[in-house]
Amino acid sequence: MCNYSVVTIMNADTIATEIFTELGSPSTTSSSAISYWLKANVGALNSLINSTYTVSEAGVISYQNDDSETVAMAADEAAILKKMYYVYDYDNKVRNVLGASSWESVVEISDAGTRVRKVNKSEVGKTLHQAKIEEQKQLNDLVAAYKLKNSNPIQVAGDDTVEGAWPVYPHYDRTLNKY
């Protein structure tokens, strides 16, 4: 029985297509615009996770390991890059809704038994801002988990292979039930 593992090469276009699909194919942006943003923000990803990813001319996001081999981006890093885009997207939405030209003083009009109510853009902005804060929190959690997973101990002190000899004091034994 052969056990083949399928490795998906993470390039900016693949990640952009995933993001575009997950956002519900919005009409306000395109997959190529998302791909451009991802390529332009690989440096920000490097700063967040202390890595050295680069983007090739073909759009493949990779880094050189210690043996000078090219290693493609894994799913963990791609998830962080996607979350970075989601934060950016919410930031744009908040900025568009709460721009200076979007303030309206009239929220509701009633006349002759009819009523027109406009959506208060400041309330929409507050909701989008809360969503952005949640995405930012999730990004911070992803980065912290990634760093923790990839961290190595700096030093191991002592001899961990020999069991220590500790004196036994029965009156300090909490499992001893004398009462």
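I started with the sheet: three strands make an open sheet in the order β1-β2-β3, with antiparallel pairing. Its edge strands are β1 (54–55) and β3 (70–72), each pairing on one side only. I note that strands pair here if DSSP finds at least two bridges between them, and that helices (H or I, at least four residues) and strands (E, at least two) are DSSP runs numbered from the N terminus.

Before going on, I remind myself that this is a predicted model, where local features need pLDDT of at least 70, side-chain atom pairs count only at pLDDT 80 or more, and totals for chains, interfaces and linings use all residues. Residues are numbered from 1 along each chain as its sequence is written, and side-chain values use heavy atoms, with hydrogens and water left out.

Next I followed β2 (residues 61–64), which pairs with β3 in the antiparallel sense over three bridges. In that pairing, S62 stands opposite A72 of β3.

Then I turned to the loops. Which residue in the loop between α1 (12–22) and α2 did I look up? I picked S25, which is found there. S25 has a positive phi of about 50° although it is not a glycine. At 45% relative accessibility, S25 counts as partly exposed (buried is under 20% relative accessible area, exposed over 50%, partly exposed in between, with a 1.4 Å probe and protein chains only).

My last stop was N50, in the loop between α3 (42–49) and β1. N50 also is not a glycine, yet has a positive phi of about 55°. With 62% relative accessibility, N50 counts as exposed.
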